[in-house]
Amino acid sequence: MPTSKIAGIGMYVPQNKVTNEDLKQFMDTSDEWIQERTGIRERRYAHRTNETTTTMAVEAATIAIDRAGITPTDIDFIIFATLSPDYYFPGCGVLVQRAMQMREIGALDIRNQCSGFVYALSVADQFIKTGMYKNILVIGSEKHSFGLDFSTRGRNVSVIFGDGAGAVVLQATEKPGQGILSTHLHSDGQSAELLAMYNPGTHANHWVTNAVATYDDAPAGGMFMSKEMIDKAENFPFMDGPAVFKKAIVKFPEVIQEALAKNNLAATDIDLLIPHQANLRISQFVQQKLGLRDDQVFNNIQQYGNTTAASIPIALCEAWEKGKVNEGDLVCLAAFGSGFTWASALMRW
Ligand code: UT7
């Protein structure tokens, strides 16, 4: 049976750099607080109207496809991970298919937030291994800046996130030992509301808080926002930061160890760990817990902030461009985030 390998990788970040100092004009925060608690120095924000989650994805995908030595018409399937889609529906996968003039191939959107890219890679891996598809385009892209609370009320969340996109082309390889060795996916919905955007949504509270009433007397309810929801900031992401942090530092090492154990490998065998760029302190904690040297872990949250589903492909792409990923290297990807969901992928480059 073939395994799947990354045949091409690309990334795109918007031109617009936003420093911690820049954020001070909107909210009560400081460069010192942000750097000390998160490691972030700056992030990128997409152009308000000319750049979307999809346009950034297309930029990254164009590079990935080119580096794979193929053309958009060679792509057999698209998997798109994002929590900030252009439309509520349809998803961004079909928008990429249209923009890149691909054949009438399947397009799947993944809603797994920070773990989205690893989930997407895992799905793609299954399709390649079974021989169903030859070239799969896997994308993580986010335009967070469109929907953050830039008042002091939302500062614990808004200073963290940035915009950008990363993409890979996954292909089959017959070379023994090369490619994705295993992927590991997990979730625990008990904490779904600890990192979430509640509205607009179809959950029960939507109707209760709106008091629009029941289906009987509100046959045309619609997906709207009440003043109460907006006053409670339910149209912005909510995060119980410390609770997420505590869980993340347990689940990151756990899911990495799971991948290593599955392949009879140890942390010392890892050439490069690319953790989801959630918080530099989380990455450092994971590094310490696994006993990894600095050169075994790649972080770039300092420049781009947390780009959720895009953070791993952006970091992997940058590491590869810097010559830190070479043939035969053991590369580990790991993520944790909203859901909670967490995941890892171990591959031999
Ligand atoms: O990628 C998805 C998964 N997400 C994560 O893994 C994120 C995990 N959590 C975190 O990274 C951290 O919890 C945060 C960076 C979000 C927050 O850091 P923290 O050290 O946990 O801070 P905190 O939320 O406990 O807040 C500490 C203080 C509070 O003030 P008081 O109550 O102590 O007076 C906050 O109001 O820091 C205040 N604060 C800020 N101050 C200046 C919160 N945000 C800011 C800010 N600037 N931006």
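**Around the ligand**

Begin by selecting the ligand together with the residues that surround it, of which there are 21, the closest being T29, R37, C114, N279 and N306. Keep in mind throughout that this is a predicted model.

Next, show the side chain of T29, where an N or O atom lies 2.7 Å from a nitrogen atom of the ligand.

If you compute pockets, look for the ligand in the second largest pocket. To see which elements contribute to the shell around the ligand, colour α2 (31–38), α6 (155–158), α9 (241–262) and α10 (280–290), the elements that each give two or more residues to it. Among the elements, α9 contributes the most, with four residues. Colouring the shell by residue class instead gives 11 nonpolar, seven polar and three charged residues.

Now colour by domain, taking 3–173 as domain 1 and 180–194 + 238–348 as domain 2.

**Backbone stops**

Before moving on to the backbone, recall that most peptide bonds are trans and that most residues other than glycine have a negative phi.

Select F89 and P90, which are joined by a cis peptide bond with omega near 0°; P90 is located in the loop between β4 (77–81) and α4 (92–99). Then go to N199 and P200, where the peptide bond is also cis, with omega about 5°, and where P200 belongs to the loop between β9 (195–196) and α7 (204–210).

Finish at A233, in the loop that runs between α8 (227–231) and β10 (238–239). Is the phi of A233 positive or negative? The phi of A233 is positive, at about 60°, although this residue is not a glycine.

Conventions:
Residues numbered from 1 in each chain as written. Predicted model: local features only at pLDDT ≥ 70, side-chain atom pairs only at ≥ 80, totals over all residues. Heavy atoms only, no water. Near = heavy atom within 4 Å. Polar contact = N/O pair within 3.5 Å; in protein donor to acceptor, adjacent residues only side chain to side chain. 1 Å grid on protein atoms, 1.4 Å probe; cavity = no way out; pocket = protein on both sides within 12 Å on 5 of 7 lines; lining within 4 Å. Sits in = over half its atoms within 2 Å of the grid points. Nonpolar A, V, L, I, M, F, W, Y, C, P; charged D, E, K, R; others polar. Domains from an automatic or database assignment.
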